[in-house]
Amino acid sequence: MFVDSLLGIIGFGIGIPIGLLLGFFIFIYFQPRDVYQDHVTKSVDEFDSTSLIDLVFQLPLWIMSPDYERVDWVNRIIHDMWPYLDKAVRGIIKTSAEATFAEYIGQYCIKSICFERLTLGNIPPKIHGLKAQESKENELVLDLALRWAGNSDIALVIKLFSLQFQVELVDFQISSATRIVLKPFVPTFPCFSGIAVSLMEKPKIDFGLRIMGGDVMSIPVFYQFVQEIVARQVAKLYLWPQTYDIDILEDSIGATKKPVGILHVKVVRARKLLNMDFLTTSDPYVKLSLTGERLSSKRTSVKMNNLNPEWNEDFKMTVKDPVSQILQMHLFDWEKVGAHDYLGMQVVPLNMLTPYEKKALTLDLVNSMDSNDRHNKKPRGQITVETTFVPFLEDSKQFSGSSDSTGNGSSQNESHNHDNISLCGSGLLLVTVVEAKDVEGKYQNNPYATILFGGDRRKTQSIKKTRNPYWNEEFEFVLDEAPVKEVIHVEVMSKRRRFGFMIKETLGHVDINLGDVVCNGRINEKYNLVNSRDGIIHLDIRWKVI
């Protein structure tokens, strides 16, 4: 026993110095791996090809594509607003998902599907590059590279028969090329009425899936299968041109309504009109207008010395909202000198008209549409009109009428003959003068645009002291036949006053063959102005068939 104890003491005394010596040499000659090292900056030329391949996919898009911009300030805004964006996005997800869940309840023995937990976490997505695309439409197009590796926590409870299953979605990651379109622009804050979101390519999605606490994504084959299915389904729903639309403003707020049809009005006759003249009888005429329109009213001819005039005159008026617009008819007694005497009025709400159906109306004239107006008790005669509302071919499905009852065969025939109809039928020509660029004259620039078509001349407002005027004014031409062989002349001019005289100067012009507009339905292009050094004009011309 004594010998064993002595040997142990000797071994301990010798082992400690030897161990310390070996540890010292290891510390000196071997650098530890877990010690932090400063990052070494290297040029791209110093990397080998393998390292570059691994590195490229981690670089932001603003580095690889110079036309994409670095937007750290946007990421900062998203970071600060993320707690509120999280709640807003959760509301959208919940609303959309519950509508989808409702379709599966009752099928496959599923009794209920509901969220147990829904949070996107505290890590916001990041934009790795942004590019504003040029667009000729009334919109702003933004392409961005979006990446998000969040700590979201989403849990569903699915009740199948009498059993409940918990499905958890964790560690969600996505990388996508996203397009955001703000459209259309309106003169009401925030100056656009909606947002359209779409994907420009199939997204890269990765996530974990747990069922009853078990990680089913640990199965290699199942993992790849689910990832591919989810990516395909997301691309199928939102890959451009498919969009996810978010309404910002109501349709009635700020938005400019487009024409949807033509109202044909035939002023037939009037009977027993008031006599407003002293020595002779009245010289009546009718003024027609639609509510909500800034266009000048239509007017019949004057019937001299006649209290029972016969007109039988036809008019065509552009309709933008057949639900709310009203046809107004005012009768006057024409006077050679002074104001014309008022004879009476009547109205026809367009919502009482059936599309494509002619309606003859004989209406008693009144002083005003105020039911409490005491002047309405005085007889003012009657007016007879015939009205027909004809929607444009592309908008006919919005309205009930003969188009809904023609059957499938008629619809197929209509689609088959669409080109022939557009080439020979009547319709509406819409010309929007958007803007001009680099128009310059010899003197001070106050540019305006004139449109000459079929002997009818229209003019935009004049913009003072600019070489880049923005008008965005629309002009309408109701035509009996498609303008296949017609040419429209658009000229940019400038005017100024000198010594009391108005001096006009042409800044350039362009002639456009409308045959291309009729065949294509629309042309939205920028044209180089003739007789202008660098002048360009932007025109949006559409042909809508009745």
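Reader: What makes Y238 and Y244 an edge-to-face aromatic pair?

Author: Rings of Phe, Tyr and Trp (its six-membered ring) pair if their centres lie within 6.5 Å; planes under 30 degrees apart are stacked, over 60 edge-to-face, and the rest tilted. Y238 and Y244 are 5.9 Å apart, centre to centre, with 85° between the planes, so they form an edge-to-face pair.

Reader: Thanks! Why is F453 called buried?

Author: Buried means under 20% relative accessible area, exposed over 50%, and partly exposed in between (1.4 Å probe, protein chains only). F453 has 6%, so it is buried.

Reader: And what is the relative accessible area of F477?

Author: F477 has 4%, so it is buried too. F453 and F477 also form an edge-to-face pair, at 5.4 Å centre to centre and 75° between the planes.

Reader: Why does N531 count as exposed?

Author: Its relative accessibility is 69%, so N531 counts as exposed.

Reader: How do you know that the charged end of R299 sits over the ring of Y285?

Author: The rule asks for NZ of Lys or CZ of Arg within 6 Å of the ring centre and within 35 degrees of the ring normal. The charged end of R299 is 4.1 Å from the centre of the Y285 ring.

Reader: Where do these values come from?

Author: This is a predicted model: local features need pLDDT of at least 70, side-chain atom pairs count only at pLDDT 80 or more, and totals for chains, interfaces and linings use all residues. Residues are numbered from 1 along each chain as its sequence is written, and side-chain values use heavy atoms, leaving out hydrogens and water.
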